[in-house]
Structures are given as C-alpha cells and as structure tokens.
Amino acid sequence: MNGFLSRLRRPFSTLHYCPNYLFQCNNQIQTFFRLGQVDDARRVFDEMPHRDAFTWNSMISGYCKNGRVDDARCLFDAFLGKSVRTWTSMLSGYAKAGRVRDAEGIFLAMPEKNVVSYNAMISGYFQNGDVRSAREIFDVMGDRNMATWNSMITGYCRMRWMPEARELFDDMPERNEVSYMVLISGYESMNDYEEAWRVFLDMHMRGEVRPDQQILLGVLSVITGLDDARLVTYFLPLALKTGYSSDVVVGTAILNTLRRTASLDSALKFFNDMPEKNEYTWSTMISALSQCGRLEDAILFYRQVPEHNNGTQTAMLTAYAQNGRMNEARKMFDIIRNPDVLTWNALLAGYAQNGMVEEAKELFFIQMPTRNMASWGTMVSGFVQSGNYKEALEVFGAMHRSGIIPDNSVLTSTLSACTNIGKIEIGKQIHSVTIKLGYEFNSFIGNGLINMYAKCKNIEDFLQVFDMMKVRDTSSWNSLITGLAENHRLSGAVEVFKRMPNHNVVSWTALISAYAQAEQGNIAFQLFHDMRNGGIKPSEQTVTSLLSGSGIRGAPRLGEQIHGLAYKIALNLRLFVRNALITMYFKGGSRDGFRIFEDTKAEHRDIVTWNAVLTGCAQNGLGREAINIYERMKSAKVVPNQVTFLELLFSCCHSGLVDEGLNYFDSMIRDYEIPPSIDHYTVVVDLLGRAGRLAEAESLVNSMPMEPDAAILDSLLAACKNHGNLNLAQDIAERLFRMGTNKSGAYALLSNLYASQGMWEKVDSIRSTMTKRGINKEPGFSWIHFNGKLYSFLHQKWHF
C-alpha cells in the first residue's frame with residue numbers, strides 16, 4: 001500500500017509526459033477521496049495542466065461525499081461545462097449536509113433534470129423531514145424508475161409513516177428486493193412484527209422477488225420479534241432453497257434466532273451442523289450459553305475457538321460480566337491488544353449492570369479513547385438501572401450538548417429516569433426531541449411517555465400520547481391500563497381491557513393489580529381464575545399483585561387461597577413470590593411469615609427477603625424477633641441498607657427497646673456509613689418520646705441536618721401529651737401551626753393535653769381556631785373481612 005501511495009505522490013513533472021496522464025490523474029483524485037485525503041486530491045487537481053468534465057465532476061462529488069460542501073460549490077460555480085451529473089452531485093451534497101434550501105435552489109436552477117435529480121431531491125427532503133415537499137416532487141415527476149418508488153417508501157418508513165408507505169408500495173408497477181426489504185424493515189422498526197411477517201409471506205406467495213441475504217436477515221429479525229419458534233421451521237427450507245443455508249452470515253442469524261425463540265439445544269444442534277463458522281457464530285453461542293446461566297459451558301466453547309479476535313474475546317468478556325464475575329471480565333479486557341469501541345462498551349456495560357457505577361464513570365469519562373452513541377446509551381441506562389436517575393439525566397444532557405443524536409433506546413431510558421424522580425418538565429422536553437427526530441410513533445417511546453405522564457398524574461397527556469400512536473402493540477395497551485389504574489380510573493382501565501385486540505399475561509396482571517389495589521380482592525381473584533381458564537399462565541407479578549391486595553385489607557384467608565394456587569402452578573418457590581407471601585402474612589397479623597422465611601434456602605434470600613421479615617416484625621411489635629433476624633442477617637454477610645435499619649428501629653420503638661434502638665441508629669451511621677433520612681430521625685424521636693426522654697428527642701430534632709417536617713413534630717407532640725410536658729408541647733404546636741399544617745392531629749393532641757390539665761378555656765380556643773381554619777377531625781377507619789366480602793367502618797366523633 002505504501003508503494004502505491006508513493007506512486008500517487010510522484011512529481012507531476014514526470015507524469016505530464018506519460019501517456020493517458022489525464023486518466024491517471026482522475027484515478028488518483030478518486031483514490032484520494034476514497035481514502036479521505038481531500039487536500040491531496042485538491043493538490044492533484046491544481047497541478048493538472050489539463051482537466052476534463054470527469055475531473056471537475058470527480059472533485060465536486062468527492063468534496064460533497066467528504067462533507068466539504070462549500071469547497072464543492074466553489075468548483076461548481078467555476079466549472080463552465082456543467083452537466084446533469086454536475087448539478088445532481090451538488091444537489092445531493094447539500095441534501096446530505098442538511099442544507100435542504102440550498103439543495104432546493106440548485107434543483108430549481110437546473111437547466112434540465114433527469115430521474116436521478118428528482119430522486120436526489122426527494123431523498124434530500126426526506127432526510128430533513130420535509131415529507132410534503134418530497135411528495136409534491138414525486139407527484140409532478142413524469143418518469144419514475146424503481147429507485148424513485150423505493151426512495152419514497154424508504155422516506156415514509158424512516159418517518160414512521162407506515163400507512164403511506166404501504167399505500168405507495170401497493171401502487172408500485174413492479175417491485176424488487178429493495179422494495180420488500182425497506183417495507184419489512186419499516187414495520188420491524190415500529191415493532192409491528194406481525195405485519196412485517198405478512199409482507200414477507202406475500203412476497204413469497206407472489207414469487208415476484210427471490211429473497212436475497214438482506215431480506216432473509218430482516219425476516220429472521222422479525223421472527224425474533226414475534227418470539228415464535230415455529231416460524232423458524234418454516235424459514236429453514238426457504239433458506240435451503242435459495243442457497244443461503246450454507247451462508248455463514250445467514251447461518252449465524254438463524255442460530256441467533258433459534259437461541260432467542262427456541263431451546264438452547266436447538267441452537268446447539270444447528271451450530272454443530274453448520275458447514276462453516278466465523279467469529280460471529282462462535283460469539284453467538286458463547287453469548288447464548290452465558291445468558292442461559294451456563295457460564296462454564298461458555299468458557300469451554302471459548303477455548304475451542306480456532307483463532308481468537310476482538311469479537312470472541314468481547315463475547316467472553318460480556319459472559320463474565322453478565323454472571324457478575326467482573327474481575328475475570330477485566331482480565332479478559334486487559335489481554336485484548338487493540339480493543340475497539342465495542343469492547344470498551346462491553347466492559348462499560350458490565351460495570352453498569354453490576355452496580356459498579358464509580359468504575360463505569362471512570363472508564364467512560366477518563367479512560368475511553370472514543371465514545372459512540374452506544375457508549376452514551378450504556379451510561380444512561382446504567383445509571384437508570386442503579387437508581388441514579390439524576391446522574392442519568394446529566395449524562396443525557398452532556399450527550400445532547402456533544403451533538404450525539406440519541407436513538408429510541410436512550411430516549412426510553414431517559415424517560416424512565418424522568419418518571420422515577422418526577423421530572424415532568426424535562427420529560428416534556430425529551431418528548432419534543434422525540435418528535436423532532438421522528439421517534440414519536442415508536443412504540444417503546446410511546447410506552448415510555450405513557451408511563452411518565454401516568455406516574456406524574458398527567459392523565460390528559462398520556463391519553464393523548466396513546467391516541468396519537470400509529471402502531472399500538474400489546475405493551476402500549478398494557479401501559480394505558482396501568483396508567484389509568486394508578487390514577488384511580490378503574491372503570492377506564494376495565495374499558496381499555498375490553499377494547500384490547502389481544503390480552504397477554506401482563507394485560508391480565510395489570511387489571512388484577514388494579515382491582516387488588518382498589519380493595520376489590522374478590523373480583524381480582526375471579527379475574528385470576530378467568531385468566532387461567534383462558535389458557536394464560538400466571539406470572540410471578542400476577543401472584544404478587546394478588547397477594548399485595550389481599551394482605552392490605554384484612555383478608556388473610558384469601559391470601560392463603562392464593563398461596564395454595566401459587567403452589568399448584570409451581571410459583572411458590574420463586575423468591576419474588578416468597579417475599580410477597582412473607583409480607584402478606586405479616587400484614588394479616590400471622591406469624592406464618594416466619595415459616596415462609598425459614599422455608600426459603602439461605603443462599604436464595606436477598607435483601608428484600610430480610611427486610612420483609614423485619615417489616616413484619618415492626619408491624620406486629622416483635623422487637624426481640626427483629627433483633628434476632630438482624631443478627632442472623634449479619635452472620636449471613638448480607639449488607640443492610642436504609643430500609644433494614646428503618647424497620648429495625650420501628651421494631652425497637654414499638655417494643656420499648658430504647659437502648660437497642662439507639663445502638664442500631666449509631667451503628668448505621670458509624671459502621672455502614674448510611675446517612676439517616678428524615679424517616680430514621682422520626683422513628684428515633686418516637687423511640688425517645690415513648691420512653692419519656694423528651695429533652696433528648698427535642699435535641700435530636702434541633703440538631704438534624706435537615707429541617708423537621710410535620711410528621712416528626714407530630715411524634716414529639718404526642719410524646720409531650722403522653723408525659724404531660726405542657727411547655728414543650730406548646731412550643732412544638734406553635735412550630736406546627738407556623739408550618740401551616742391542616743391536619744387535625746396536632747390540634748387534638750394539644751387540646752387533650754389542655755383538658756388533662758383542666759385548662760378548658762384553652763380547649764375552647766383550640767376548637768374555635770379549628771373551626772375558623774376549616775379543619776375537621778380525621779375520621780377513624782376500620783374494616784373486617786366476612787363471608788368473602790370486605791366491610792369498612794368510619795367513625796367521626798370528637799373526644800376532647
């Protein structure tokens with residue numbers, strides 16, 4: 001190659017005397033442009049004593065393809081022998097650079113136009129989102145070729161205007177492989193896999209086009225989206241008939257589809273039968289084994305690879321990371337000689353997926369030599385998965401400022417961050433970005449927007465998003481049901497469920513959860529039976545939704561029935577379900593929560609399991625039992641979190657274990673460096689207050705690093721009432737009144753304290769103040785489950 005380049009750089013004084021020097025110069029110009037050496041191409045051009053039209057056109061086209069549109073325009077204006085090709089090259093250059101108005105000026109000034117010119121202008125309009133102008137050009141064209149029709153369909157598909165794309169496709173006088181590939185890919189990008197499959201079947205039945213490699217790869221992607229292994233068996237004979245069954249690229253794609261839609265054994269059999277394998281084939285099998293939890297088999301496969309390269313090494317790195325073995329993943333990374341951006345991204349994703357946020361940040365912001373869109377996306381999704389939503393939004397902002405255009409995956413993750421921390425205004429800005437980028441019709445984006453607006457109680461907005469979606473998949477309908485249920489629109493959720501074209505387990509679970517949370521456990525239970533009778537297998541989430549409803553409102557027998565059903569359908573051993581069972585039994589006042597805990601193997605318990613038992617102890621005043629559970633948790637080397645200590649403190653508080661509670665509060669700060677929240681301080685104040693240690697409680701409130709809220713002051717006020725400390729009670733009450741509290745509890749406590757001291761004028765004054773401020777006593781509430789029904793009682797009588 002060096003010799004070739006040195007010949008290109010020969011002095012032109014020797015070249016002038018060579019025959020065919022013009023041909024050689026033109027060839028040199030094109031070669032330099034292909035290599036991106038734009039200035040060298042210009043040097044050849046400037047030193048040429050003679051130039052022909054091909055020379056000028058090569059320079060203009062080369063400048064445009066390398067992003068030097070203004071330099072191209074200078075030569076364009078200087079060239080007197082412009083042809084249709086010259087004009088079209090300049091037009092295409094402006095269009096690709098996003099300067100559609102300059103492209104339009106060239107187009108209108110053209111002395112003559114051909115079909116290539118029209119096609120270039122259509123593509124330019126579509127690239128810049130001007131669909132109307134593209135259609136106008138198409139409609140006025142006299143002659144249209146296959147490329148014209150395909151350009152229009154491609155443009156519509158990129159804009160997610162699938163009905164218009166399909167109408168044009170159906171009107172085509174003839175179609176080729178590109179026509180079908182574009183339409184199938186368009187439907188796939190909208191997650192409308194069923195329609196994409198129908199287009200493929202229609203192509204096959206008509207027989208007007210023989211599928212090529214790109215179509216077969218696209219169809220395999222559609223089959224993966226449909227998650228239907230039976231379609232692979234339909235596809236394989238076609239691949240054999242068209243001669244692509246031995247194509248290593250198609251074979252690897254088939255292998256990938258099999259491991260996603262069928263059993264791993266089917267993929268292994270296909271792998272062993274493949275006549276030729278490449279790095280992607282081996283990498284696919286390593287990934288498949290790892291994702292199925294068979295890491296040791298993945299390692300054995302890796303050792304059998306004939307020759308390792310970045311692809312197989314990156315696959316093994318990812319396999320280690322997916323199984324939590326980041327030390328081995330890092331060692332694998334370190335032996336890769338020239339890691340490319342994909343390898344860097346794999347290590348970055350490993351750190352993010354394993355909650356190693358600081359390592360991910362150092363790798364991303366300091367070590368990585370180059371970043372692409374996937375790098376930014378990995379950081380955003382990594383922060384979202386680890387609960388660092390604010391940092392996820394900061395990374396997205398930095399990405400936006402750097403000029404990187406986000407894809408729908410990044411936008412979906414960012415919407416999730418907005419949803420979890422209630423940043424509705426930022427979410428609306430991202431909504432605007434999705435519209436500008438043409439992603440507003442993507443179902444993942446649409447579902448993310450519905451979830452965000454629903455969580456932020458913007459009912460009209462999420463209903464509008466759903467109404468505007470051109471393609472609604474089952475997830476879209478499920479998101480709508482969940483959003484309505486979360487906003488207490490149960491009747492609306494039921495109506496949407498009835499309108500749904502298809503129901504899956506998520507749909508049923510969403511509706512069951514809605515009824516369970518609305519305290520209508522019997523209907524939820526009946527829906528559960530209807531779902532099973534319809535042949536749909538319940539998921540863990542279905543069972544836990546039922547359990548959460550039955551445990552909340554005193555329906556333990558219903559919970560026991562659900563437990564029995566979970567046993568029948570073999571879900572009772574799932575940790576997610578076991579944790580919900582523990583919670584359900586304790587909420588119903590049953591010590592069976594301990595039994596479920598003990599039946600759960602020690603190695604299977606997670607932090608949620610331990611915290612569920614501690615919460616149950618707190619709810620039932622089982623302080624000593626809570627301490628025992630906590631000590632066992634420490635012995636099992638499980639690291640406690642904020643929730644652990646909160647429930648432990650509650651347990652000590654409700655059992656009068658003051659010194660023990662204070663010791664655990666100190667341990668949380670000293671031994672685990674967990675900063676106390678306002679909730680932790682509130683429990684400790686309650687703990688001290690119940691023990692009559694009011695001075696210490698007041699001192700803790702005044703020394704907190706945050707401002708006290710109404711809850712902590714209410715707790716201290718209640719302690720003052722119980723121990724007859726009138727002076728402190730008056731101070732605390734005044735602080736509450738200055739905060740503008742509108743709850744009756746503070747007024748009632750102070751009034752009762754005055755009454756206990758015989759200060760009846762003060763009692764009357766409190767009542768008068770409440771009346772003036774429109775404050776009413778909150779009613780008492782109780783319930784009982786009797787004969788399969790839940791009965792509720794309200795009691796609203798004053799007791800001063």
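I'll start with helix 19 (residues 279–291) and helix 21 (residues 310–322), which pack at an angle of about 5° with their axes 8 Å apart. Axes here are lines fitted to C-alpha atoms, for helices over the stretch in contact, and angles run from 0 to 180 degrees between N-to-C directions. Helix 19 and helix 21 are therefore roughly parallel to each other; angles under 35 degrees count as roughly parallel, over 145 as roughly antiparallel, 65 to 115 as roughly perpendicular and the rest as oblique.

On the helix 19 side, the residues are Glu-279, Trp-282, Ser-283, Ile-286, Ser-287, Ser-290 and Gln-291, and they meet Gly-311, Thr-312, Ala-315, Met-316, Ala-319 and Gln-322 in helix 21. Contact means heavy atoms within 4.5 Å. The residues of this contact divide into five nonpolar, seven polar and one charged. Ala, Val, Leu, Ile, Met, Phe, Trp, Tyr, Cys and Pro count as nonpolar, Asp, Glu, Lys and Arg as charged, and the others, Gly among them, as polar.

A word on the source: this is a predicted model, where local features need pLDDT of at least 70, side-chain atom pairs count only at pLDDT 80 or more, and totals for chains, interfaces and linings use all residues. Residues are numbered from 1 along each chain as its sequence is written, and side-chain values use heavy atoms, with hydrogens and water left out.

For the chain overall, there are 48 helices and two strands. Helices (H or I, at least four residues) and strands (E, at least two) are DSSP runs, numbered from the N terminus. Of the 800 residues, 47% count as buried, where buried means under 20% relative accessible area, exposed over 50%, and partly exposed in between (1.4 Å probe, protein chains only). Among contacts between residues at least 6 apart in sequence, 58% join residues at least 24 apart.

Now the rings. A search of the whole structure finds 21 aromatic pairs. Rings of Phe, Tyr and Trp (its six-membered ring) pair if their centres lie within 6.5 Å; planes under 30 degrees apart count as stacked, over 60 as edge-to-face and the rest as tilted. Trp-56 and Phe-79 are stacked, 5.1 Å centre to centre with 5° between the planes. Trp-56 is in helix 5 (residues 53–65), and Phe-79 is 23 residues away, in the loop between helix 6 (69–78) and helix 7 (84–96). Both residues are buried. Phe-76 and Trp-87 form an edge-to-face pair, 5.0 Å centre to centre and 85° between the planes. This pair links helix 6 with helix 7, and Phe-76 and Trp-87 are buried. Elsewhere, ring pairs link Tyr-630, Phe-645, Tyr-664 and Tyr-672 into a cluster.

Last, the loops. Lys-457, in the loop between helix 29 (443–455) and helix 30 (459–468), has a positive phi of about 65° although it is not a glycine. Lys-637 has a positive phi near 65° and is found in the loop between helix 40 (623–635) and helix 41 (642–654). Is Lys-637 buried or exposed? Lys-637 is exposed, with a relative accessible area of 72%.

Asn-191, in the loop between helix 13 (177–189) and helix 14 (193–206), is buried, with a relative accessible area of 11%. Leaving aside its neighbours within four places in sequence, Asn-191 is in contact with Ser-443, Phe-444 and Asp-473.
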